[in-house]
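Subject: Structure handover

Hello,

Here is the structure for you to look through. Open it first, then read my notes below.

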Amino acid sequence: MPTDEVKRINPFDWSKEFEPVMAAGGFDAVIGNPPYVRQESLKEQKKYFETHYAVYQGAADLYSYFIEKGISLLNPKGLFSYIVANKWMRANYGKPLRKFLLTKQIEEVVDFGDLPVFKTATTYPCIIRVSNEMPVREFCASKVEALDFPSLDEYVMANWHPIEQGTLTDEGWTLGDQGTENLLKKLKIMGCPLEEYVNGQMYRGVTTGFNEAFVIDEKTRSQLIDEDQRSGEIIKPFLIGRNVKRYEPPNNQNIFIIFTFHGIDIQQYPAILKYLKQFKEKLMPKPLDYKGEDWAGRKAGFYKWYEIQDKIDYYSDFEKPKIVIPQIVKRASYTFDRDGFFTNDKTSIIPKNDLYLLGLLNSNLLDFVMSSISSTKQGGYYEYKPMYVSKIPIRTINPNDPADVARHDRMVALVTQMLDLNKKLQDARLEQERTMLSRQIEATDASINKLVYELYGLTEEEIKIIEG
């Protein structure tokens with residue numbers, strides 16, 4: 001699109017430019033590769049999209065609208081096929097698009113996961129093919145595991161499986177084979193969503209808007225406290241996502257956060273105020289009526305320049321016993337924190353003293369669920385954001401069933417042992433001791449997985465699906 005037309009919403013009139021085609025009912029086929037434009041660049045167009053597109057969602061990327069437009073240009077028997085990002089299948093912003101596509105006959109979806117199909121861009125692509133007809137039959141789905149095939153057609157023919165379109169909803173698509181789909185349905189019935197289990201108490205970590213000012217090391221912390229003892233009241237141990245490890249004691253590596261919450265009386269902390277003043281220009285919130293593109297400070301918002309960017313009303317929950325969830329991982333990496341760490345925006349927390357829940361979440365079974373419902377990242381990573389984690393089915397315990405209570409207590413004992421073993425491993429120095437502890441951890445992990453299979457009533461065949 002020419003730069004002078006970027007702000008124009010509809011610079012191309014299909015009914016005039018292709019008058020004979022559109023008068024005859026539309027195109028026989030629409031194929032393409034829409035531009036990869038993130039929603040942050042669509043601010044001026046969103047009002048138009050909201051009133052003109054059924055697939056509109058505030059966080060939807062541009063390709064969502066290209067899909068609806070492309071299908072709308074088809075004649076009643078026409079075929080549509082795009083290669084686009086696969087995020088729409090699971091992300092919240094893809095819900096209106098999924099709902100729209102379910103009104104058409106999906107013919108095929110080829111998912112490339114995080115494979116680098118386009119060498120110069122990280123796009124997580126999939127190919128979708130749709131008929132402009134009412135849905136009446138199953139469609140073909142395939143997951144491409146590697147790019148070293150001589151022919152994509154041959155690969156798909158050898159690796160596809162059927163999906164009954166009528167079983168899909170707009171909540172999110174997994175597109176697994178029949179055994180996988182049946183197992184996921186069973187697990188959903190067996191448990192309640194995590195969000196419901198924790199009564200909505202799942203919170204994102206702290207977004208400061210400018211970590212260079214608020215995140216400090218041990219030396220700076222000591223200097224600020226030496227200058228004014230009250231500084232220690234709002235300097236908190238800070239844990240970042242990449243330092244959260246599965247069952248391991250949190251280790252913040254001597255990183256701290258100056259937690260100037262909204263409404264703080266900064267005059268009570270003169271050393272903190274003096275320290276933050278050196279960053280004042282970059283901490284200033286952008287005025288709501290600012291029209292330029294070169295603002296040096298933080299985004300617009302109702303916060304003072306010395307306050308952290310986001311209003312964290314639940315900040316007292318960081319100081320409670322809690323489960324910590326790193327956001328980008330290859331496998332379940334939940335841990336438990338009793339030491340009151342604040343965490344960054346690449347984590348989430350569940351402020352519950354619930355070791356039974358921790359064991360379930362770190363199990364192979366619920367990690368299998370996460371790999372089926374969450375978005376992928378390059379390098380084999382998954383997004384453990386609240387939008388996905390909140391959907392995990394949690395097997396509740398019947399307090400009136402002695403066998404159920406016994407399973408709960410057994411899980412708590414195993415997880416307690418797992419936490420203790422990981423702490424010992426973290427402190428161990430001798431290689432022989434580390435080897436012995438690693439074997440004990442592996443055995444305990446296997447016992448937890450076995451117990452989880454029992455809790456969810458899995459068959460031998462279903463266990464084989466989980467274990468690959």
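Helix H6 (residues 152-159) lies across strands S3 (105-111), S4, S5 (139-143) and S6. H6 runs at about 105° to S5. Helices (H or I, at least four residues) and strands (E, at least two) are DSSP runs, numbered from the N terminus. Axes are lines fitted to C-alpha atoms, for helices over the stretch in contact (heavy atoms within 4.5 Å). Angles run from 0 to 180 degrees between N-to-C directions.

This is a predicted model: local features need pLDDT of at least 70, side-chain atom pairs count only at pLDDT 80 or more, and totals for chains, interfaces and linings use all residues. Residues are numbered from 1 along each chain as its sequence is written, and side-chain values use heavy atoms, with hydrogens and water left out.

Now the sheet. Six strands form an open sheet in the order S1-S2-S4-S3-S5-S6, with mixed pairing. Strands S1 (27-32) and S6 (161-163) stand at the edges with a single partner strand each, so one side of each has no neighbour in the sheet. Two strands pair if DSSP finds at least two bridges between them. S1 and S2 (residues 74-85) pair in the parallel sense over five bridges. Val30 stands opposite Phe80 in S2.

Next, helix H14 (residues 364-373). Eight of its 10 residues are buried (under 20% relative accessible area, 1.4 Å probe, protein chains only). Among them are Leu365, Phe368 and Ile373.

Last, helix H16 (residues 402-427). Its buried residues include Met411, Leu414 and Met418. Helix H17 (431-455) is one of the elements covering the buried residues of H16.

Best wishes

Methods
Buried means under 20% relative accessible area, exposed over 50%, partly exposed in between (1.4 Å probe, protein chains only).
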